[in-house]
Amino acid sequence: MTTVETINCRELREQQPRFQGFVAGHRACAGCGAAIIGRVVLEATGPDVIVANATGCLEVFSTAWPQSSWRVPWMHSVFENAAAVASGIEAALKAQGRDSKVVVFGGDGGTFDIGFQTLSGMLERFHNVLYVCYDNEAYMNTGIQRSSSTPHAAATTTSPAGKARMGKRHLKKDIVSIVAAHHIPYAATTSVAYLSDIKRKVRRAMAIDGPTFLHIHSPCPLGWGHESNLSIEVARLAVETGLFPIIELERGHQVGCMPIRNIKPVTDYLKLQKRFQHLFADDPKAREELEHLQALADYNIERFGLREDKPDNNDSSGLNVIHRQQSRTENWNP
Amino acid sequence: MTEALEGSQAIARTVAACKPQVVAAYPITPQTHIVENISKLVADGKFNCEYISVESEFSAASVVLGAAAAGSRAYTATASQGILLMSEVLYDIAGLRIPLVLTCANRAVSAPISIWNDHQDSMAVRDAGWIQLYCADNQEAVDTTVQAFRIAEQLEIPVMVCVDGFTLTHTLEPIDLPSQEVVDQFLPPFKFSRPLNTASPISVGTLVSPDYYTEVRYQHQQAMRGALAVIEQCREEWRALIGRDSGGLLEIHDDADAKIGLLVIGSVTGTFLEARELFTDLPATRLIRLRSFRPFPVTALQQACTGLETLIVVERAFSPGGGGIVGNETKAALSDAKNNTLNIINVAMGLGGRDMTLDTYRLLIEKVVNGELQPGFSIFDVDPNKLAPTA
């Protein structure tokens, strides 16, 4: 006679043993996206990885000697060379006949700006490395200075809003397109609002022998000026408005995206954050910038084909927004 | 077996005999022939390594850093602007105590741009925490390359082997390349004490607070002082193994009557040795050749200067607004010595590839004898007709 035990899906999921490569005790701010990304990415990679970390918040808050949150081999050299250090580690592993995967963590400064050259070199030489960029859209570690990833019109300490300026004057660099233009096997964007999407994409990248790139949108409550308990909500709104499109590219071509079923106006996202507060002033220039940002979101939605009108039968969470295309469970209807 | 080899070719073949698993480099004159020769050895199947053609010297240094941290013997080479571009990583490599060998094909630094030889490039990174060994000829460059891996791996301090660009790198000389058996005997396989390994994870390059920083720096200084003995020990073991005296901290060519000493560094040694023999009308000199600039061999230099009245420090770099780099270090070293009454004349010459000939030696000694060169620093051989008009 067999005993039948019942367990609901949520409990079952919570009881799954998980590999913890990045553990508690670090000094990240409450609501930090980067800390969640560090933990979730390593849950998906498992223990057989070596991490190269660019200088930045993640490196600083996780490794104050003699303590470390990392339970996988971890190395930090300088700000702009994580991709090159990873290339060297990978070459050594190859020479020694070891097959651990090398994973890079870099912020937007270390990826879009100062580490851009070493990243390009690593991709071109086709090293077997997964590069994870946690993108909090400014130099947060040094106190919120503008980077080439800072969105248009956002205020930072080096692109402040004032009488003569509406925050950052330039556009956010389209890093994933630039990366994909190296014709690497796999490049994707995702957001800390969608942990299962991060894990799925990490697993996919891990299975590829070659350079892969994951660009993860990651709120910084301090730098963006929102409550720390709103990080996930803010990150989700960036996706739902079309400002941060979630896409997948193979060999330079888009092969998938996360469709948006209920597209929200960009103001829903912007109004939660102090860095965009100057756009809500009674000022024609502010209104013009709001229109500009809405136009950018609309452009993303058309460019990447993000609009989805069909209902989502699999949405059990009640969020009624997003499930990725080509889901394994797309035709599954319990 | 002695062969006629270009310096770069000899260095490349020696590097291959040392069997680094990873080589990363970026082309720059006059280093290029070294990495071209290594690439060819790899292409011909004579040297099995991961050869990474990187997109800059900055990445060359970073790649070999990552490779060595993961437990592979690794090698790179550069010069001039390349070493300056690497400099941030050079400090990091040394601070992390990662064993590596880098050949610097010494060349002047811009501006004005010059592809020719002097020592401004390696001198600019003298504080990076690397051991710096300056070679007098290509035979020594070969021997030093093998010794460098041994020194680096024993001490976990990176070693820079400095060879004069063109003068050595592009010159054919009869060279005895050590056999593979000799190299294998002298250089055991690299077994790094702290490799990145998923079986026993460690965190490397963590943030260090003021509570620990001083102690890390202190240990680096201690290790560098300890390197003095290891460099000498390698010289002894090399001599025992191969029968050739090559290496050590410094080299002395004495003359019983010498009251004038010459302290030189690099390939000018050969020229000045010949001039000493040729110009019998000039006063006798003691030629001291500094091989190890980092660590600076204070005691050995003090002993080498015993009995001298005048010491001429000849160097191929300087610190504008300061003076000679080797000169100032020499003065500091000798100020602690009993013989601190020594007159120290410091000249920079051979800048940006200007030839240092037999006649240069004659002119230099004559000026010292005639009292035209006083203690202190000056730049030798300045032609007033070539100076730009001043406002």
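A salt bridge is a side-chain nitrogen of Lys or Arg within 4 Å of a carboxyl oxygen of Asp or Glu. In this predicted model, local features need pLDDT of at least 70 and side-chain atom pairs count only at pLDDT 80 or more, while totals for chains, interfaces and linings use all residues. Residues are numbered from 1 along each chain as its sequence is written, chains are lettered from A in the order in which they are written, and side-chain values use heavy atoms, with hydrogens and water left out.

One such pair joins B:Glu3 to B:Arg13, with the closest N and O atoms 3.1 Å apart. B:Glu3 belongs to strand 1 of chain B and B:Arg13 to helix 1 of chain B, so the pair ties together parts that are ten residues apart in sequence; helices (H or I, at least four residues) and strands (E, at least two) are DSSP runs, numbered from the N terminus. A further salt bridge connects B:Asp245 with B:Arg235, the closest N and O atoms being 2.9 Å apart. B:Asp245 is partly exposed at 43% relative accessibility, whereas B:Arg235 is buried at 15%, where buried means under 20% relative accessible area, exposed over 50%, and partly exposed in between (1.4 Å probe, protein chains only).

## Where the two chains meet

At the interface, 35 residues of chain B are in contact with 39 residues of chain A, contact meaning heavy atoms within 4.5 Å. Of the side of chain B that touches chain A, 18 residues are nonpolar, 13 polar and four charged; here Ala, Val, Leu, Ile, Met, Phe, Trp, Tyr, Cys and Pro count as nonpolar, Asp, Glu, Lys and Arg as charged, and the others, Gly among them, as polar.

The rule finds one salt bridge across this interface, and in it the side chains of A:Arg125 and B:Glu55 meet at 2.8 Å, N to O. Strand 2 of chain A also pairs with strand 9 of chain B, in the parallel sense and over two bridges, and two strands pair if DSSP finds at least two bridges between them. Within this pairing, A:Met75 has B:Val204 as its bridge partner.

## Salt bridges in chain A and overall

In chain A, a network of salt bridges links A:Asp197, A:Arg200, A:Lys201, A:Arg204, A:Glu248 and A:Glu250. A:Lys271 forms a salt bridge with A:Asp268, their closest N and O atoms lying 3.7 Å apart, and A:Asp268 counts as partly exposed at 22% relative accessibility. Over all chains, a search of the whole structure finds 39 salt bridges.
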